[in-house]
Amino acid sequence: MGNKQTIFTDEQLDAYQVRLHGRYHELAPHLVPMDYTTEPDCKIPLALIVNMPELKENPFRNRIVESFSEDGMGNLSFNEFVDMFSVLSETAPRELKAIYAFKIYDFNVDNFLCKEDLEKTLNRLTKEELTPEEVDLVCEKTIEEADLDGDSKLSFADFENMITRAPDFLSTFHIRI
Amino acid sequence: MPRKGAVQADDVSVDIDDEQSDSDDGTTKRRANRRQAGGGRGGGGGAKGRGRGKKAESDEEEEEDEAPKGRRGAQNKRPAKKRGGKKDDDDDDSEEEAPKNKRGGAANKRKGGKGRGGDDEDSPAEKGGKGRKGGKKGGKEEEDSKGKKGDGKGKDEKNKKKKKKDDSSSDSNSNSDEEEDSMSEGEMARLMEEVEEKKKLIANIRNKPWRMKRRLVLLREAQQFVDKFEGALGKGKGRKWYAYKVMMTKKWIKFQRDFENFRTACIPWERKIKEVESHFGSSVASYFIFLRWMYGMNLVLFGLTFGLVVMPEVLMGLPYGSIPRKTVPRAEQDTAQDYAVLMDFNGYCKYSVLFYGYYNDQRTIGLLKFRLPLAYLMVGIGTFGYSLMLVIRTMAKNADVGGGDGDEGEFTFAWKMFTSWDYLIGNAETADNKYASITTSFKESIVDEQENQKDENIHLRRFLRVLANFLITCSLGGSGYLIYFVVKRSQDFATRDDLSWYEKNELELIMSLLGLVCPPLFETIAELEDYHPRIALKWQLGRIFALFLGNLYTFLFALFDEVNTKLEEEQSIKNASIWAMKEYYANFSRLVNDSESTPPPMNPADVIRGPCWETAVGIEFVKLTVSDIQVTYLTILIGDFARAVIVRFLNYCWCWDLEAGFPSYGEFDISGNVLGLVFNQGMIWMGAFYAPGLVGINVLRLLSSMYYQCWAVMATNVPHERVFKASKSNNFYMGLLLLVLFLSLLPVVYTIMSLPPSFDCGPFSGKEKMFDVIMETIDLDLPAFMGTLFSYAANPGLIIPAVLLMVLAIYYLNSVSEAYQNSNMELKKKMQMARDEEKNRRNNTDSTNQVMKDLEDLLPNRSLAPPAPPEPEKPPEPEGKPTKTRGGAAGKGVDLQKDVSLASSNPNAREPVTRAPGARGRGQPPGGRGRGGPPPR
């Protein structure tokens, strides 16, 4: 990633911002003024953001928005909004993505992926098609595979260790806007 | 340049101002560091100092300037000698930044808006200090003057750009430019370095785990810095070009992506197959992938046959009805157009390009002197050659991909759990498919896992497996005998005329029936064995393969019997016709006195002709193929579709639950379909030589069955009860195909090499053996020395050593590959061991860590360093935010922390051995453990 040319020119940067802000504005025209140069202090609630076409089908949409919002409730300011798409962009580094992925999957925000989190993740992934025994098995296996320190939950270190070796993490944890 | 001098003078004053302000900030160290050559750095300072008047602006700039500095320091991991103190500052800075950030971000974002405003505000201050007119104007002028200096061109270029862009940079730029004169060498170098660093920062800004606001601030700042000084160093000329390049790279990436999409879209049926895969699992999809592959191969074969054999004959050969072999005999002409006859591939079908007999034995045809007989033989051989190559190549490639039977190593479930959802999906339908496919893949892995955990009575299982194999062998033998019996009977029937429909089609019926009955039987028996479904599928494939093989070979033997009787018949007819010819010529020459051959004035339809066994064989294969198609399609229609309809709609008025109970919906029969495909292909290979049209029929068949079966699967079937993962490569299928290819090669080669071709039909008529065509070509068309060359090459004295050499090569390569395989296994084992070890070590980490800590406490100085960092670093997650922001230094910080924690656990691994286990653990006396942090410091 390091040797990729990722410099913005000012014009490009602005173009991106204008575009992004356009998207941001669209979400809640009544809340967000069109002119973002005056730095309005406004936030868009979660319910509006998860309706973006990019997020609409994502089983983790609520979690994504929540983990990027500073208040944890899913209200996003424009900067956080930009942040979200920057982390999910193609060029964001793996470590950064890993951090946010961890936050997304950490449903109960206790900084560990415990079995409960995994069950939730799994049920969202499969639309609860698996039987409880299967869910149980899968969660146990997951923990068994990735848990290096033996506390039967996944810390960020465990998670990172696992995710950095995943072949398609980068290509799937990625949203194009 | 008087003007210039004045400005410089001004600069100095500004400089001083700047210095003061900086020292206020307590960052003198850095400043000292920076400004080695007195006025040199002034410009930058000036730019900054200028702002001093306006507090807000200046603050901002200061902050911008400093924060990255420190960051850079941290980044470079330069043991901050001079900047050591600075680092602490920086931390403060970054904390301060948080609140300020907003402002900073805002200012920076609004390049046009507030940024410009800021400039305007700046300019008065400047005016006061320097007596210049306005930031903008001054900037331009400066740049002009700069343009006169050394590297005019680059500057000009930059100049233009600057004008376009916001003035703040050009403004400061102007200042920096002025100092160029006074810049010393060392200054230049240092500046260059800084610019480089900034550039690096710009390039890597995306990789920094900071919040957007902060990033924007830094980016702006760094960019401005670069803008400012790059020009001063005369390196700015590439700026525009660089931007252009970046833009082009972006465009290029986008193009590549589009192209990739386009290419994926070009893969035929990719979407269909993916859809099937998502609902039925990779095992079912593997069949369709195989089908697609087969279709591709057959297209090539079709191209070869039609391009080189059929089309030339149609376009350039003699037309229908010109010679006997291209004419329906008088006796058959009445019925030649009947539907039933045509469906049996008799009548007009028999005397068409579809079959061997139609082709003429002219050495060359048409204007192009196309050597059709030679082409015919070559295409026949080439078909096999190409197929062999392709199959083997594909197998090799698949083996490369990793023939591993689905075990992906360490993180199967974890990866599935965390990386299987594709965040790009924004379409409801795709999302549904994805849900299905994820569920399916989980189920696949669960099956694998359950299989791993299973342990039962091994003796019972062994017994059952033997029993199952015994039963299956019995039924295989039985069906083989049945086929043999039917073939014999059909030979009897062949001599009789009064045949009922059943008797005529007995052979096909029996074969189809066996094909229908046996596989389910085998499957039922295989239940006894209780294999993993993937392995069970392979057994099933093997067994049905054996069954079909028996069928095939009994069929072939029957065919050869037929061929032999035809050959005898032909011999007599040939003799008779030769005799008749002679008779005719004798009479003719006696009457007309012309010994030159004027053929008898006979309608080609009336000529006596031989049975032409090649065409008969071709017809046999075509019939078999067509009946196979019919049976397959009907089976799907009745066995799957009708069943599904009945189950679905009768369920409302039935006494038990049809859907869950007895008939239920059909499952997709992978083994049957794969083998059907493989054997069908065998038929094609064998038959293609005698019926060039067969390849065309097969292409149509594959094409239609792709759509038909895809539809049938999606519409009427349910996923397997235990969805299992197909082995990654299709190599088992390919292996079967290779076997069939080899088997079908044998009879064809045998006929080409040893049976005499018919005397009055086909491209080889009149020759002793088919391959005489090659000899003829060598003799007549190639220069003489080639003939001798070939005769040498065909010398056994040369061939035997060559074969020997090949055998040796095979042996050698084989042993080499085996050695590689061994070392591979070894490595895998080692990796596994290393992993286990690491895991164990980490498992014990908590307890061992304490031992480590104890040890560290004993060592006076080093004790604190490692354990301290991990503790504070961990918490950041809660709102996630702090980690990243906090570590302005933390860009690296995260990694550092990791390193540290690794480092601290590593030594532990060795430790515990020497230590008695009792001593560690939570129960450790507080003193010993020390948790140590505070005291040593």
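## Surface and burial

Chain A exposes about 7000 Å², and carbon and sulfur atoms supply 52% of that area. The model described here is predicted. Of the 177 residues in chain A, 58% are buried.

## Overall fold

Chain A contains 10 helices and zero strands. Followed along the sequence, the chain reads α-α-α-α-α-α-α-α-α-α.

Among contacts with a separation of 6 or more, 53% are between residues 24 or more positions apart.

## The crossing of helices 4 and 5

Helix 4 of chain A covers residues 61-68, and helix 5 of chain A covers residues 78-87. The axes of these two helices come within 9 Å and cross at roughly 120°. Helix 4 of chain A and helix 5 of chain A are therefore classed as oblique to each other, since an angle from 65 to 115 degrees would count as roughly perpendicular and one over 145 as roughly antiparallel. The crossing of helix 4 and helix 5 of chain A is right-handed.

On the side of helix 4 of chain A, the contact is made by A:I64, A:V65 and A:F68. Helix 5 of chain A contributes A:E80, A:D83, A:M84 and A:V87. What kinds of residue make up the contact of helix 4 with helix 5 of chain A? Five are nonpolar, two are charged and none is polar.

Definitions and conventions
Residues are numbered from 1 along each chain as its sequence is written. Chains are lettered from A and ligands numbered from 1 in the order in which they are written. This is a predicted model: local features need pLDDT of at least 70, side-chain atom pairs count only at pLDDT 80 or more; totals for chains, interfaces and linings use all residues. Side-chain values use heavy atoms; hydrogens and water are left out. Axes are lines fitted to C-alpha atoms, for helices over the stretch in contact, and angles run from 0 to 180 degrees between N-to-C directions. Helices (H or I, at least four residues) and strands (E, at least two) are DSSP runs, numbered from the N terminus. Angles under 35 degrees count as roughly parallel, over 145 as roughly antiparallel, 65 to 115 as roughly perpendicular and the rest as oblique. A crossing is left-handed if the near helix is turned anticlockwise from the far one by less than a right angle, and right-handed if clockwise. Contact means heavy atoms within 4.5 Å. Ala, Val, Leu, Ile, Met, Phe, Trp, Tyr, Cys and Pro count as nonpolar, Asp, Glu, Lys and Arg as charged, and the others, Gly among them, as polar. Buried means under 20% relative accessible area, exposed over 50%, partly exposed in between (1.4 Å probe, protein chains only). Accessible areas come from the Shrake-Rupley method with a 1.4 Å probe; for residues, only the protein chains shown count as cover.
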